[in-house]
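Please read this briefing beside the sequence and the structure, which are shown just below. The notes are grouped by topic, in whole sentences.

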Amino acid sequence: MRRRLTIVFAALSLAAVALTALGVLLALRFPAEVIALRRVIIVCAAVFFLTAAAGAWLITRLVRPIDPDGDERPDYPELAPLYQRLDEQKSLLRERRGALEDRQNKLNVITENMTEGLLLMDAAGVIILMNKSAASLLGVSAESAVGRHIFAANQDNLLLAAVHMAMSGARDREQVSLGGRRYSAIANPVLVDGAARGVVLMLIDVTERAESEDMRREFSANVSHELKTPITTISGYAEMLAGGMVRAEDVPSLSRKIYSEARRLIALIDDVIRLSNLDEGGPDARLEEVELLSMASAVCERLEEKARDCGVSVELSGEGTPVLGDGLIIDEMIGNLVDNAIKYNRPGGQVWVSVERREGIPVLTVEDNGIGIAPEHMDRIFERFYRVDKSRSKDTGGTGLGLSIVKHGAAFLRAGIEAESVLNKGTKISIIFDGKGGN
Ligand code: ADP
């Protein structure tokens, strides 16, 4: 509108200039004859000039472009209600825009600082939003992934299966491996009127939980297996006895076998219960002052007969050293170490138990000159049911859980463990009561 008016008034101004020029020219050429004509032209020119000036003034006054944010308005009372309404709409829009920006900022802060991966997809699986964690877990850049199908970001079958399930309207959860860690991929459909309009995918790190579940599962399988062997033996022998299939002179030896298997079973069950208790953080444990030397002395006394039977001598040295811990747990730890030092030894062998302070820190050491452990087994001897020589362990009544109990007990007491061994020379294991859980 403004443009058109400007063109019209500019044309009028030009015409006025042209007519004026024509008038001046005629006046110069025909000074006498065209006086009347000259006057008409001059009047026309004046009228055109005035019209152009008025037009220009009108254009600038009335037809001003609308400044969306400006408050300057022509003063027309009839337009006031319209302007008022426009103002209301404008401030409402401004408010809404501010609220939306605010909400978007808050959402960005939350999603970008989440450790969990978060992805938002439309109904076709095209990524709409991907937070920083999701991008780094999937090994892609969020900028390049947004706007592309989830398949372009990751091709893990289970992850895609979860997304597809959510696209069909049902929630799904799968465990996926990303970058060497385990994640729970939870895909939730975004339902509008019962139809899936999008998918929200969360990736939560469950590595530790999955590993401990694996360990528990493996432990249960191992326990069942370990329990089965003595029970099968006991029930077989008992059946033979009950069926009168054993000669009278064989009854005592068979009974001894049943007794020894039953003892093994009890030892195994006791160890499993101890380990379970430690796994649960030692619910019955109490922290009290325990004197290490007298505790070690009691253990040595208890195992004296076993040592004698094995032809091994046990020597205790050190000074009274109090530590803060649970008496029962410390007793079991020392017991397992001394028991192993006797078991994995030779007739004539020696065991040295010492209690000392190293730079003020209480340390209990059990050393032997027994069969020793080859270096390749050293990393695994603290694992549950790990035995270097399975038959020797079983023959000597081992459960494969002794060192595991030592390790878990140390973790409970926040004590460290040092183990060194030389095959055929001997083994030395120390518990360092530094309250730090290792050194
Ligand atoms: P076990 O009940 O079989 O003794 P442990 O958990 O106490 O189970 O020990 C695990 C394995 O470590 C044992 O089977 C044995 O092979 C080895 N081991 C432990 N202590 C010693 C030691 N003092 N000397 C040699 N080998 C040992």
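Arginine 387 lies in the loop that joins helix 13 (375–378) to helix 14 (390–395), where helices (H or I, at least four residues) and strands (E, at least two) are DSSP runs numbered from the N terminus. With a relative accessible area of 10%, arginine 387 is buried; buried means under 20% relative accessible area, exposed over 50%, and partly exposed in between, with a 1.4 Å probe and protein chains only. This is a predicted model, in which local features need pLDDT of at least 70 and side-chain atom pairs count only at pLDDT 80 or more, while totals for chains, interfaces and linings use all residues. Residues are numbered from 1 along each chain as its sequence is written, and side-chain values use heavy atoms, with hydrogens and water left out.

**The ligand and its surroundings**

- The ligand is surrounded by 21 residues, and the closest are Asn340, Tyr344, Ser393, Thr399 and Gly400; a residue is near a molecule if one of its heavy atoms lies within 4 Å of it.
- By class, this shell holds nine nonpolar, eight polar and four charged residues, where Ala, Val, Leu, Ile, Met, Phe, Trp, Tyr, Cys and Pro count as nonpolar, Asp, Glu, Lys and Arg as charged, and the others, Gly among them, as polar.
- Helix 12 (327–343) and helix 15 (402–413) each supply at least two residues of the shell, and helix 12 gives the most, with three residues.
- The ligand sits in the largest pocket. A pocket is defined on a 1 Å grid over the protein atoms alone, as an open set of points where a 1.4 Å probe fits, with protein on both sides within 12 Å along at least five of seven lines, and a molecule sits in a pocket if more than half of its atoms lie within 2 Å of its grid points.

**Polar contacts and cover of the ligand**

- A nitrogen atom of the ligand is 3.0 Å from an N or O atom in the side chain of aspartate 368, which falls under the definition of a polar contact as a pair of N or O atoms within 3.5 Å.

**Loop residues with positive phi**

- Glutamate 359, in the loop between strand 9 (350–358) and strand 10 (361–368), has a positive phi of about 50 degrees although it is not a glycine, and at 83% relative accessibility it counts as exposed.
- Asparagine 424, in the loop between strand 11 (416–422) and strand 12 (426–432), is likewise a residue other than glycine with a positive phi, near 65 degrees, and its relative accessible area of 52% makes it exposed.
- Most residues other than glycine have a negative phi.

**Separations between C-alpha atoms**

- Arginine 387 and isoleucine 128 are 259 residues apart along the chain, and their C-alpha atoms are separated by 54 Å.
- Leucine 79, in the loop between helix 2 (35–62) and helix 3, is partly exposed at 31%, and it is 51 residues from methionine 130 in sequence and 48 Å in space, C-alpha to C-alpha.
- Threonine 115, in the loop between helix 3 (80–112) and strand 1 (117–122), counts as exposed at 70% relative accessibility, and its C-alpha atom is 8.7 Å from that of alanine 134, 19 residues apart along the chain.

Key:
Polar contact = N/O pair within 3.5 Å; in protein donor to acceptor, adjacent residues only side chain to side chain. 1 Å grid on protein atoms, 1.4 Å probe; cavity = no way out; pocket = protein on both sides within 12 Å on 5 of 7 lines; lining within 4 Å.
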